[in-house]
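Take a first walk through this structure. Keep the sequence and the 3D view side by side as you read.

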Amino acid sequence: MTDAQLPLAGIRAAYDAQVRRSAEPDEPGARVEVAGPVMRTLAPAGQGPSRVTWSDLDSASADGVIAAQRAFFAARGEPFEWKLFDYDEPADLGARLAAAGLVPGPEELVMAAPTAHVAALTAGPPPAGVRVEQVHGAAGVEIVTRVAQQAFGEDKEQLRNTLLASQAAWPGAVVLVAAFAGDRPVSAARAEFLPGRDFAGLWGGGTLPDWRGRGLYRALIGLRAALAAERGYRYLQVDALPASQPILARLGFEALATTTPYTWEP
């Protein structure tokens, strides 16, 4: 059976096992813990929020477990995120998280596609007037961070800290890519190639407002798909916001789940 023929339920099961329930952290210095029926990742200071990545709950246990996680992070004096997937149980888990004071954020769609399929569809030259390439080291981190700040209008200091730590501790595991118009970076993104997984994670994908609609997002997907294929990753995975979902669907990505981040701050 080819990857393209593998039932979506099988891909989702592999994603759960290898990504959501992975015992290995996805950033340097982080620690994964099993706390009864949940798994949580404790992030290093300054590198983003700690989070609950997976849970196995029912109507009888959910409220107590949610309260225990709140108490745990309150004792540490730090915020955390509970990433809810639409197939998580119980069915009203989102309402229970909100009742416990966790605030829902924007929905995203977890989408996946066979790497070889996407690499084939996106092969070819980049859009006219730009070049796409990998960027490296601290200079590459600065390019990706600056584009993200300009594209999304948000402070990205945590992103900068995380990428610098990743470049130092895990050389080659987090790959940075950018599109340039002359010497000006106009779009940037990253890919995570973590060991022990069939899934390469595609993240970022920010483009400056005056360069949107010209195929740069697709071009950077193509570069990262080619790199993932070279490294033997079977699937590409994206947490997609609404603006990028149609582009990804045209490239063969399918929805694995809808996710909502619920956050709590002490």
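Predicted model: local features only at pLDDT ≥ 70, side-chain atom pairs only at ≥ 80, totals over all residues.

Arg146 has its place in helix H5. Arg146 counts as partly exposed, because its relative accessibility is 33%.

Helix H6 has 13 residues, 157-169. At 1.5 Å a residue, they should span 18 Å. The end C-alpha atoms of H6 are 18 Å apart, which agrees.

Which residues of H6 are buried? They are Leu159, Arg160, Thr162, Leu163 and Ser166. Seen down the axis of H6, these buried residues fall within an arc of 165 degrees, so they line one face of the helix. An α-helix has 3.6 residues a turn, so residues three or four places apart point the same way.

Look at one of these residues, Arg160, which lies in helix H6. Is Arg160 buried or exposed? It counts as buried, because its relative accessibility is 15% and the cut-off for buried is under 20%. Leave aside its neighbours within four places in sequence. Arg160 is then in contact with Val141, Glu142, Thr145 and Gln149.

Now turn to helix H2. It holds 15 residues, 62-76. The buried residues of H2 are Ala62, Val65, Ile66, Gln69 and Phe73. Viewed down the axis of H2, its buried residues fall within an arc of 100 degrees, so they line one face of the helix.

What do the buried residues of H2 pack against? Their partners are strand E1 (31-35), strand E2 (38-42), strand E3 (50-55), strand E4 (80-85), helix H3 (93-99) and strand E12 (254-264). Just after H2 comes Gly77, which takes a positive phi of about 65 degrees.

Strand E3, one of the partners of H2, is where Ser55 is found. Ser55 is buried, because its relative accessible area is 8%. Ser55 touches Arg20, Pro37, Val38, Trp82 and Leu93, not counting residues up to four places away in sequence. Gly140 is 85 residues from Ser55 along the chain. The C-alpha atoms of Ser55 and Gly140 are separated by 36 Å.

The last stop is empty space. Rolling a probe the size of a water molecule over the atoms shows where such space is left. The second largest pocket holds about 220 Å³ of space. Two elements each give two or more residues to its lining: helix H4 (115-122) and helix H7 (216-231).

How many residues line the second largest pocket? There are 14. Thr122, Ala123, Gly124, Pro125 and Ala219 lie nearest the pocket's centre. Helix H7 gives the largest share of the lining, with 5 residues. By type, the lining divides into 9 nonpolar residues, 4 polar and 1 charged.

Definitions and conventions:
Residues numbered from 1 in each chain as written. Heavy atoms only, no water. 1 Å grid on protein atoms, 1.4 Å probe; cavity = no way out; pocket = protein on both sides within 12 Å on 5 of 7 lines; lining within 4 Å. Points joined across faces, edges and corners; volume = space filled by probe spheres on them. Helix = DSSP H or I, 4+ residues; strand = E, 2+ residues; numbered from the N terminus. Nonpolar A, V, L, I, M, F, W, Y, C, P; charged D, E, K, R; others polar. Expected span 1.5 Å × (residues − 1). Buried < 20%, exposed > 50% of the residue type's maximum accessible area, 1.4 Å probe, protein only. Arc of directions from axis to C-beta. Contact = heavy atoms within 4.5 Å.
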